[in-house]
Each structure stands twice: as structure tokens, then as C-alpha cells.
2 protein chains.
Amino acid sequence: MTATQSNQTATESLSPLRPSETFMRVTEVPAKEILDGTIRGHYAHGDAMTFGEVLLDANTVVPMHEHPHEQMTYVIDGRFEFTVGAETRILEPGMLVIIPGGARHGGTTLTACRVIDVFSPVREDYRS
Amino acid sequence: MTATQSNQTATESLSPLRPSETFMRVTEVPAKEILDGTIRGHYAHGDAMTFGEVLLDANTVVPMHEHPHEQMTYVIDGRFEFTVGAETRILEPGMLVIIPGGARHGGTTLTACRVIDVFSPVREDYRS
């Protein structure tokens with residue numbers, strides 16, 4: 001693009017997205033499929049964090065597990081019964097759960113869910 | 001709650017939310033107002049990350065700025081013309097931008113927006 005193009009022309013030229021490591025549509029990152037594809041996680045990685053947009057079928061059980069990474073899970077769509085340590089809540093849209101590194105957590109989706117999962121440090125095991 | 005209560009009873013007793021540092025509705029965290037209240041950021045902090053649900057009015061200009069924290073911004077609702085370094089794109093719902101620590105960034109909302117901003121390390125300046 002040249003400096004003489006208007007902003008409108010410049011922004012129109014951006015669709016569809018050119019490859020970028022800075023800007024992306026998260027669901028265009030190939031999914032990591034977990035639990036026979038009932039969980040489809042699209043993950044992008046920075047230097048300090050991994051950002052995931054994760055789609056889960058209804059009635060999916062995420063077994064209790066733990067990892068050293070701090071995790072935050074935010075629900076965009078759906079209802080997700082979620083446990084951290086001894087505390088269980090129903091996550092609904094707009095709700096966040098903060099999972100300290102090393103804390104056991106898991107849950108069951110009550111409906112199909114779309115959630116954001118962020119981790120620090122980077123989930124190196126999610127790069128592939 | 002006692003061990004003899006059913007799960008259903010236990011989960012019903014969780015509404016409205018009891019205070020928790022683990023589970024929260026992000027917009028119930030008091031907002032940090034920026035730029036005369038045109039930006040209202042609700043921030044929760046872990047040990048390694050800060051998670052924000054941020055509401056911006058249409059036509060809000062976020063001046064170019066930088067900070068040492070890595071930032072990732074994900075759009076839930078709205079359209080946001082966003083610049084990182086020399087690259088400008090229109091963010092739409094489902095789009096993510098990864099902003100390395102120290103990178104100059106800013107933008108202009110084209111509509112009212114609801115975005116997720118995550119940072120690592122923690123934004124100590126957003127605790128108050």
C-alpha cells in the first residue's frame with residue numbers, strides 16, 4: 001500500500017487478513033483437539049502468555065488436573081460447572097476464574113461453551 | 001454446605017455469588033475509568049497476569065503508548081482500529097492482537113467495544 005491511499009482503502013485491503021504474527025482471528029489458528037474432539041482449543045502464544053479461544057461441547061467432563069502455569073478462564077458463551085480446589089461454581093457469560101499455578105481444577109460443561117483460557121508462562125506443550 | 005447435599009442444591013446455593021478471590025463476575029470489580037470515563041476497565045489480578053474486561057465508547061481514541069508488560073487484546077463485541085508499531089488493522093469480534101512488551105500501540109474504536117485485555121506481568125498500577 002502507498003502513503004497516498006486513503007485510510008478507507010487501506011483498511012479494506014486488509015480483508016481477508018494477511019498473515020501476521022501480531023493480528024489474528026483466533027479460531028483460524030488450527031485447533032488442538034482434546035478428549036476426542038469434544039474440546040477444540042485455538043491457541044496463540046506470546047513471550048509471556050498463551051491465549052486460547054476454546055470451544056467445548058455440552059456435557060464435556062474436563063477431568064481434575066493441574067499444571068504449573070497460572071490460568072484464567074473467562075466464559076463468553078455457555079454454562080460451565082467448574083471446580084478449583086474445594087470450591088465449585090457455575091460459570092456463566094462474563095464470569096472469570098483465577099487458577100493459581102499448581103492448583104487442581106476441572107469441571108463439566110452444562111451447555112456448549114466458548115471460553116477464553118489464558119496462561120502464564122507460555123504453554124509450550126500447546127505449540128504443536 | 002454438607003456432604004449430604006445434592007450437587008443441584010449446592011450449585012443453587014451459589015447464586016448470588018459469595019465473595020471469592022477465585023470466581024468472579026469481572027464487571028462487578030469496580031471499574032478503573034480512563035480518558036474521562038470513555039474507557040471503563042474492570043481488572044482482576046493473579047500472581048502472573050492481570051485480566052481485564054474493558055468497555056469503550058464509540059470513537060474513543062486510545063493514544064499510542066507503551067509499557068513493559070506483554071498485552072493481548074481480544075475483541076468480544078465491536079470494531080476497533082488498532083495499531084501496533086507500524087501495523088494497523090480493524091479488530092472485529094473473535095480477533096486477537098499480541099502486543100510485545102515495550103511495543104507502541106493504540107487505536108480508535110469504530111463502535112462501542114467490549115474487549116478482553118490480558119497482561120503479564122501483573123499491572124500493579126491497575127490494582128487501585
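**Opening question**

Which backbone oxygen lies 3.4 Å from a polar atom of the side chain of A:His45? The oxygen belongs to A:Tyr126.

**Basis of the model**

This is a predicted model, in which local features need pLDDT of at least 70 and side-chain atom pairs count only at pLDDT 80 or more, while totals for chains, interfaces and linings use all residues. Residues are numbered from 1 along each chain as its sequence is written, chains are lettered from A and ligands numbered from 1 in the order in which they are written, and side-chain values use heavy atoms, with hydrogens and water left out.

**The contact between chain A and chain B**

Chain A contributes 45 residues to the contact and chain B contributes 45 residues, where contact means heavy atoms within 4.5 Å. Between them the two chains bury about 4000 Å², with 63% of it on carbon and sulfur atoms; buried area is the accessible area (1.4 Å probe) that two parts lose on being put together, summed over both. Of the area that chain A buries against chain B, 20% comes from A:Phe23, A:Met49 and A:Arg89, more than from any other three residues.

Across the contact there are 19 residue pairs in polar contact, both residues being at pLDDT 80 or more. A polar contact is a pair of N or O atoms within 3.5 Å; within protein, one must be able to donate a hydrogen and the other to accept it, and residues adjacent in sequence count only if both atoms are side-chain atoms. Several strands of chain A each supply at least two residues of the side that touches chain B, among them S1 (23-25), S4 (50-56), S9 (95-99) and S11 (113-120). Strands here are DSSP runs (E, at least two residues), and helices (H or I, at least four residues) are likewise DSSP runs, numbered from the N terminus. By class, this side of chain A has 25 nonpolar, 9 polar and 11 charged residues. Ala, Val, Leu, Ile, Met, Phe, Trp, Tyr, Cys and Pro count as nonpolar, Asp, Glu, Lys and Arg as charged, and the others, Gly among them, as polar.

**Sheets that include strands of both chains**

Strands of a sheet pair through backbone hydrogen bonds, either parallel or antiparallel. An open sheet of 7 strands has the order S2(A)-S3(A)-S4(A)-S11(A)-S6(A)-S9(A)-S1(B), with antiparallel pairing; two strands pair if DSSP finds at least two bridges between them. Its edge strands, each pairing on one side only, are S2 (32-34) of chain A and S1 (23-25) of chain B. Neighbouring strands of this sheet are turned by 25° against each other on average, direction ignored, with axes as lines fitted to C-alpha atoms (for helices over the stretch in contact) and angles running from 0 to 180 degrees between N-to-C directions. Within this sheet, S4(A) and S11(A) run antiparallel and are joined by 7 bridges, and A:Val54 stands opposite A:Val115 in S11(A).

Another open sheet of 7 strands runs in the order S1(A)-S9(B)-S6(B)-S11(B)-S4(B)-S3(B)-S2(B), again with antiparallel pairing. S1 of chain A and S2 (32-34) of chain B are the edge strands. The antiparallel strands S1(A) and S9 (residues 95-99) of chain B are joined by 3 bridges, and A:Phe23 stands opposite B:Val97 in S9(B). In chain B, S4 (residues 50-56) and S11 (residues 113-120) pair in the antiparallel sense over 7 bridges, with B:Arg114 in S11(B) as the bridge partner of B:Leu55.

**Salt bridges**

Side chains of opposite charge can pair when their charged atoms come close. Over all chains the count is 18 salt bridges, each being a side-chain nitrogen of Lys or Arg within 4 Å of a carboxyl oxygen of Asp or Glu. Between chain A and chain B there are 2 salt bridges. A:Arg25 forms a salt bridge with B:Glu92, and their closest N and O atoms are 3.6 Å apart.

Within chain A, A:Arg79 forms a salt bridge with A:Glu92, with the closest N and O atoms 3.2 Å apart. This pair links distant parts of the chain, 13 residues apart: A:Arg79 is in the loop between S6 and S7, and A:Glu92 is in the loop between S8 and S9.

**Surroundings of A:His45**

A:His45 lies in strand S3 of chain A. Its side chain makes a polar contact with the side chain of A:Thr50 (2.8 Å). Leaving aside neighbours within four places in sequence, A:His45 is in contact with residues of both chains, including A:Val122, A:Arg127, B:Met72 and B:Ile98.

**Backbone features**

A cis peptide bond, with omega about 0°, joins A:Ser120 and A:Pro121, and A:Pro121 lies in the segment after S11 of chain A. In chain B, a cis peptide bond joins B:Ser120 and B:Pro121. A:Asp36, in the loop between S2 and S3 of chain A, has a positive phi of about 60° although it is not a glycine.
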